[in-house]
Amino acid sequence: MTSCSVLHEIPCQYQMVDLGAIGIDPPQQRIAYRRQGSGTPIVMLHGFLGESTNWQQVAQGLVARSRVDTIRVDLLGFGESGKPAVSYTVAQEVEVVRQLIVALKLESCYVMGHSFGGWVAAALAIAHPKQVRGLCLVAPAGIRDDSFCGRYDYLRPLLWQTPVIDWVLAAVIPIAHLIGRSQAFETIAWARRELNRQPAARSFLLDRLRPEDAIDTVEGDIHQICTPTLILAAENDDTIPLWHCETYAQTIPGATLHVIPESSHGLPQNNPEAIIQEFLKILCSGADPDVSLNAGCQSSSRDQSRV
């Protein structure tokens, strides 16, 4: 979903970061983010084919119920951020988030990441632990799984830079409406638009086709994470298997795993209330004495058994 299609969305702000040290050309890149609220900072990282707007409902809910400063980031190559012509890596995204935290003078912050953003969040906590006060990993990617190889081969024709693909989709969708398959083809058309608009997503599909390409997954390093960590899994996730979330929870010392019932992979958009309630448990527990909560905190704590 593009930012212009979201109702009542706050505008982007921009911060320049210097990525010359990690080989990005041009080195000065614009990073877009949406900032809302005041108080304890929470940096929010979207998933694959996502952008900052995906966290809108979660951010608004948290701001309404607690004194938090939500910073929703468009990662490099996504959304309104810079889109250099490079092969994208998790390490590049970690450096982007690190520089943004420094530029915004956040010192340390909570980091929430969904799917690909969860992978980036975990890698950030490993590489720069002093900047991360706590983690909330929502259906996080980043665990090596060789069964992923070939899973998305059907998307590869969507990467072909030819108008023929667009002509075919435009011709097929009206027919799909007649036979009751419009949603499937509209999803395919949306995926093509997003892959053309977001070069980081294109890069990951092209560059991660073989098991040996999984060189920066984090399963071997997450035992180093020593910050309070909440793992949220979707019960019916057909993208990130439950065992990936269990690996995070079992390997990160003291991590908590919560499975959200009757949910699929798009948790920030489809289950924002569940994420809000689970995250507020951390804030309401007194684990962070710097957080001053509004009256909504108590009601969230009473309702938590229904998540």
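I will start with Gln131, which sits in the loop between α3 and β6. Before going on: this is a predicted model.

Is Gln131 buried or exposed? It is buried, with a relative accessible area of 12%; the cut-off for buried is under 20%. Which residues does Gln131 touch, leaving out those up to four places away in sequence? They are Arg98, Ile101, Val102, Glu107, Ser108, Cys109 and Leu124. Take Ile101 from that list: it lies 30 residues from Gln131 along the chain, and the two C-alpha atoms are separated by 7.7 Å.

Ile101 also belongs to the next topic, the contact of α2 with α3. Two packed helices are described by the angle between their axes and by the distance between those axes. For α2, residues 90-103, and α3, residues 116-127, the angle is about 70° and the axes are 9 Å apart. That makes α2 roughly perpendicular to α3, because angles of 65 to 115 degrees count as such. On the α2 side the contact is made by Val90, Glu93, Val94, Val97, Arg98 and Ile101. On the α3 side it is made by Phe116, Trp119, Val120, Ala123 and Leu124. The crossing of the two helices is right-handed. Arg98, Ile101 and Leu124, which take part in this contact, are also among the residues that Gln131 touches.

One more residue of α2 is Ala91. Ala91 is exposed, at a relative accessible area of 54%, where the cut-off is over 50%. From C-alpha to C-alpha, Ala91 is 8.7 Å from Ile22, while in sequence the two are 69 residues apart.

Now the sheet. How many strands form it, and in what order? Eight strands form an open sheet, ordered β1-β2-β4-β3-β5-β6-β7-β8, with mixed pairing. At the edges stand β1, residues 13-18, and β8, residues 256-260; each has a single partner strand, so one side of each has no neighbour in the sheet. From one strand to the next, the twist averages 25°.

Strands β7, residues 229-234, and β8 run parallel and are joined by five bridges. In this pair, Ala233 stands opposite Val259 of β8.

Last, strand β3, residues 40-45. How many of its six residues are buried? Six of the six are. Both faces are covered, with Thr40, Ile42 and Met44 on one side and Pro41, Val43 and Leu45 on the other.

β3 pairs in the parallel sense with β4, residues 68-73, over six bridges. It also pairs in the parallel sense with β5, residues 109-114, over four bridges. Met44 can be followed in both directions: its bridge partner in β4 is Arg72, and in β5 it stands opposite Met112. Together with helix α1, residues 56-65, strands β3 and β4 make a right-handed β-α-β unit.

That is where I will stop.

Terms used
Residues are numbered from 1 along each chain as its sequence is written. This is a predicted model: local features need pLDDT of at least 70, side-chain atom pairs count only at pLDDT 80 or more; totals for chains, interfaces and linings use all residues. Side-chain values use heavy atoms; hydrogens and water are left out. Buried means under 20% relative accessible area, exposed over 50%, partly exposed in between (1.4 Å probe, protein chains only). Two strands pair if DSSP finds at least two bridges between them. A crossover is right-handed if, with the strands pointing away from the viewer, the path from the first strand over the helix to the second runs clockwise. Axes are lines fitted to C-alpha atoms, for helices over the stretch in contact, and angles run from 0 to 180 degrees between N-to-C directions. Angles under 35 degrees count as roughly parallel, over 145 as roughly antiparallel, 65 to 115 as roughly perpendicular and the rest as oblique. A crossing is left-handed if the near helix is turned anticlockwise from the far one by less than a right angle, and right-handed if clockwise. Contact means heavy atoms within 4.5 Å.
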